[in-house]
Amino acid sequence: MRVVSVISTKGGVGKTTVTANLGGLLADAGLRVLFIDLDSQPTLSSYYPLRTEAPGGTYELIALSDTAPDRVISQTAHPNLDVVISNDHAGQLPQLLLNAPDGRFRLAQLLSNLSDYDLILIDTQGARSITLEMAVLASDYALSPITPELLSAREFVRGTVGLLRDLEALSQFTHLSVPPVSVLVNRLDETADARGIHQTLAEMFAAGEQGVTVMQSTIRAGVAFRQAASAGLPAHQFEPRKPAGRKSPSAADQVKAMARELNPEWQPLIDAMVSTTAMQGGCHDECH
């Protein structure tokens with residue numbers, strides 16, 4: 001079982017979209033995938049239609065340490081893809097964790113009881129919090145989307161890298177460790193400024209400095225990911241092929257490249273995938 005948290009101390013960088021599409025792709029590739037939605041704005045919980053909804057969610061999982069699948073795990077309409085929905089509507093979990101001696105370490109302990117899954121993907125809040133710290137410490141890898149803007153890059157260095165440094169000091173007193181972090185430039189456009197920020201970040205964290213690697217693969221700016229979300233579909237199903245006349249790769253190729261780079265062990269599964277499309281047809285409408 002692999003655990004990947006999708007993290008950023010800045011909101012609006014596309015964490016939920018990245019989580020949903022990475023999980024959708026790998027579920028189609030044959031992995032059994034579980035989403036855990038730790039965001040107080042629970043977009044991931046409703047990203048895909050649910051086939052069956054459990055009575056509980058993240059509150060019961062974390063506050064009550066309840067890992068019974070029938071009580072906390074909902075099934076999406078997509079095969080191999082389940083979700084622990086965000087249901088801490090009163091915002092009680094952060095205070096509960098702050099007051100608990102195992103607060104930052106609780107999720108890591110609980111996930112050992114969910115070993116039926118090949119991959120657990122954790123979506124997090126776009127601000128520093130104890131729930132974000134808990135997610136990082138429970139993970140084997142962390143994936144941090146960043147938009148190609150100067151303020152976003154500065155916040156990553158100040159906020160996310162600062163968080164990792166603080167957790168590194170804390171982890172010395174536990175059996176847990178801070179996972180390596182892969183930075184994914186999201187919504188990349190064709191401007192020189194955007195490409196320059198990508199290059200600057202890559203140089204800043206060359207050779208995995210500070211446990212951070214800037215990915216070569218990117219997610220391009222475009223409408224396909226937004227339209228796929230509106231249709232309740234993974235982007236690789238919604239846009240499996242590059243539309244005629246467009247330079248940027250298809251949404252499917254972008255998500256596949258991200259997944260291969262994040263974990264090369266997934267490459268054979270991805271390469272073996274039979275191309276599927278939404279509604280048993282090709283690209284939707286004119287393929288954007």
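**Exercise 1. List the residues that line the second largest cavity of this predicted model, and sort the lining by class and by element.**

Step 1. Collect the lining residues. Ser8, Thr9, Lys10, Val13, Ser144, Pro145, Ile146, Ser152, Glu155, Phe156 and Thr160 line the second largest cavity.

Step 2. Sort them by class. The lining has 4 nonpolar, 5 polar and 2 charged residues.

Step 3. Assign them to elements. Strand S7 (141–146) and helix H7 (150–171) each supply at least two residues. H7 gives the largest share, 4 residues.

Step 4. With a threshold of 30 Å³ or more, the count comes to 3 cavities.

**Exercise 2. Decide whether leucine 81 is buried or exposed, and find its contacts beyond four places in sequence.**

Step 1. Locate the residue. Leucine 81 lies in strand S5, which covers residues 81–84.

Step 2. Apply the cut-off. Buried means under 20% relative accessible area. Leucine 81 has a relative accessible area of 0%, so it is buried.

Step 3. List the contacts. Neighbours within four places in sequence left aside, leucine 81 is in contact with Gly23, Gly24, Ala27, Val33, Phe35, Tyr48, Gln75 and Thr76.

Step 4. Alanine 20 is 61 residues from leucine 81 in sequence, and their C-alpha atoms are 10.0 Å apart.

**Exercise 3. Decide whether serine 86 is buried or exposed, and find its contacts beyond four places in sequence.**

Step 1. Locate the residue. Serine 86 sits in the loop between S5 and helix H4 (93–99).

Step 2. List the contacts. With neighbours within four places left out, serine 86 is in contact with Asp37, Asp39, Pro42, Ser45 and Thr58.

Step 3. Serine 86 and proline 264 are 178 residues apart in sequence, with 30 Å between their C-alpha atoms.

**Exercise 4. State which residues of the largest nonpolar core touch the most other members, and which elements give two or more residues to this core.**

Step 1. Begin with the members. The largest nonpolar core has 38 residues, of which Leu22, Leu26, Val33, Phe35, Leu143, Met258 and Trp266 touch the most other members.

Step 2. Name the elements. Two or more residues each come from helix H1 (15–28), strand S2 (33–37), S5, strand S6 (119–123), S7, helix H9 (224–230), helix H10 (235–238) and helix H11 (251–262). H1 provides the largest share, 6 residues.

Step 3. Separate the other core. A second, separate core of 25 residues includes Leu132, Val161, Val183 and Val212.

Step 4. Follow one member of the largest core. Neighbours within four places left aside, methionine 258 is in contact with Val18, Leu22, Leu143, Leu184, Met215 and Ser217.

Step 5. In soluble globular proteins, nonpolar side chains tend to be buried together.

**Exercise 5. Explain why helix H6 is described as largely enclosed, and name the elements that its buried residues pack against.**

Step 1. Count the buried residues. In helix H6 (residues 130–137), 8 of the 8 residues are buried, so the helix is largely enclosed by the rest of the structure.

Step 2. Name them. They are Ile130, Thr131, Leu132, Glu133, Met134, Ala135, Val136 and Leu137.

Step 3. Find the partners. The buried residues of H6 pack against strand S1 (2–6), helix H2 (58–63), H4, helix H5 (106–111), S6 and H7.

Terms used. Residues numbered from 1 in each chain as written. Predicted model: local features only at pLDDT ≥ 70, side-chain atom pairs only at ≥ 80, totals over all residues. Heavy atoms only, no water. 1 Å grid on protein atoms, 1.4 Å probe; cavity = no way out; pocket = protein on both sides within 12 Å on 5 of 7 lines; lining within 4 Å. Points joined across faces, edges and corners; volume = space filled by probe spheres on them. Nonpolar A, V, L, I, M, F, W, Y, C, P; charged D, E, K, R; others polar. Buried < 20%, exposed > 50% of the residue type's maximum accessible area, 1.4 Å probe, protein only. Contact = heavy atoms within 4.5 Å. Core = buried A, V, L, I, M, F, W, Y, C linked by side-chain atoms within 4.5 Å.
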